[in-house]
Amino acid sequence: MSSLPRLFVDLSVIARGDAGTGIQRVVRAVWRALGKEMADRFELVPVAGSAAGGYRRIPADFLERPLRRLPLPWGKARLAPRQGDVFLGLDLAAHVLPRNVGQLQRWRRRGVKLAFVVYDLLPVLQPDWFSDRTREHYRRWLELICREADQLICISGTVAGELADWIAANHVRSPHIATVRLGASIAASGPSLGLPTDAAENLAWAGAGTTVMMVGTIEPRKGYDQALAAFEELWADPAPGEDFRLLIVGRPGWKTQALQERLRGHQLGGQRLRWIDNASDEYLEHLYRACWGLLLASRGEGFGLPLLEAAAHAKPVLVRDLPVFREIAPQGVAYLSAETA
């Protein structure tokens, strides 16, 4: 048995399947980096929790072989933390933690330190953007980590400030708040691979005009509604020689069904507008290279990976004027503040 303390890394969501979101890309990248950077300080232990059986050890190849079901919490899967160990809530598993908080409380009494990554506070700051279930899960999770954690690790200074303000306004216990700024290297994240059969045609289309790309799940806060209306105005009265195109790369999300139907049935679909709803990271890299620039019209973010990804490809970037974008953006980024097309 190793004499090193254990670092139990919660991977409850991604262990069952990679949703392809920005958070999941961060989880993959940090998990890989921990294995390289922490090997001489910790024994790295991947764990996942369930609604009924508590946290247990999972196979280290979960990214290559997602789990259909978690191993039973005994034998090699059973966890027996001791003083000096650390539990890191890396994955955003707001629906899992409340069912297992008793287990973590017992671990803490044994001398285990608890730390959680906070990606944003949007479900409590902008509840209308989310479903009732998401809001309920998130608020309960946030209250629990404030009460139980030794440290909360925020992905930007903006999130850290919002968290401190929320704690003060809600009169809850405040753990130590740290900030660790994210990187934006797709290649370093253990990227998902694969190109669809129509990839070459889509890439040629993206490179043939002034193609502006938007990246992110189709959900209320992302500003797709405003962006589509703006492009429809451009398309209705184009200047001579103008060929603006809109490329959306993102999975179908929630509370945007009418918008999704507009995108799928748009009269200029395939000509001036395309929506790729299931792009691998490899494909996304090709699309960044093919497009002319990036539009990030999101009304709220904890970080903003597409901003830095597009900048890394030396593309023009136009983003909504949000504090977090001002915090992380390199020089040369342009900002928008309008709420109309």
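This is a predicted model: local features need pLDDT of at least 70, side-chain atom pairs count only at pLDDT 80 or more; totals for chains, interfaces and linings use all residues.

**A stop at the second largest pocket**

Which element gives the largest share of the lining of the second largest pocket? That share, nine residues, belongs to H1. If you now switch to colouring by residue class, the lining of this pocket shows 24 nonpolar, four polar and nine charged residues.

**Helices H6 and H9**

Next, select helix H6 (residues 199–208) together with helix H9 (residues 281–290), whose axes lie 8 Å apart and pack at an angle of about 25 degrees. Because angles under 35 degrees count as roughly parallel, H6 and H9 are roughly parallel to each other, and their crossing is right-handed. To show the contact, display Ala199, Asn202, Leu203, Ala206 and Gly207 on the H6 side, which meet Tyr283, His286, Leu287 and Ala290 of H9. Sorted by class, this contact of H6 with H9 holds six nonpolar and three polar residues, with no charged residues.

**Helices H2 and H4**

Move on to helix H2 (residues 97–109) and helix H4 (residues 132–148), whose axes come within 11 Å and cross at roughly 5 degrees. H2 and H4 are therefore roughly parallel to each other. Select Leu97, Pro98, Val101, Gln105 and Arg108 in H2, and then Arg140, Trp141, Leu144, Ile145, Arg147 and Glu148 in H4, which are the residues that meet here. The contact of H2 with H4 comprises six nonpolar residues, one polar residue and four charged residues.

**The cavity**

How many cavities of 30 Å³ or more are counted? The count comes to one, and about 40 Å³ of space lies in the largest cavity. Its lining can be selected as Met214, Val215, Gly216, Lys222, Tyr224, Leu295, Leu296, Ala297 and Ser298. Strand E8 (210–215) and strand E11 (293–296) are the elements that give two or more residues to the lining of this cavity. By class, the lining of the largest cavity divides into six nonpolar residues, two polar residues and one charged residue.

Methods: Residues are numbered from 1 along each chain as its sequence is written. Side-chain values use heavy atoms; hydrogens and water are left out. Helices (H or I, at least four residues) and strands (E, at least two) are DSSP runs, numbered from the N terminus. Ala, Val, Leu, Ile, Met, Phe, Trp, Tyr, Cys and Pro count as nonpolar, Asp, Glu, Lys and Arg as charged, and the others, Gly among them, as polar. Axes are lines fitted to C-alpha atoms, for helices over the stretch in contact, and angles run from 0 to 180 degrees between N-to-C directions. Angles under 35 degrees count as roughly parallel, over 145 as roughly antiparallel, 65 to 115 as roughly perpendicular and the rest as oblique. A crossing is left-handed if the near helix is turned anticlockwise from the far one by less than a right angle, and right-handed if clockwise. Contact means heavy atoms within 4.5 Å. On a 1 Å grid over the protein atoms alone, a cavity is a set of points where a 1.4 Å probe fits but cannot get out, and a pocket is an open set with protein on both sides within 12 Å along at least five of seven lines; lining residues have an atom within 4 Å of a point. Grid points are joined across faces, edges and corners, and a volume is the space filled by probe spheres set on the points.
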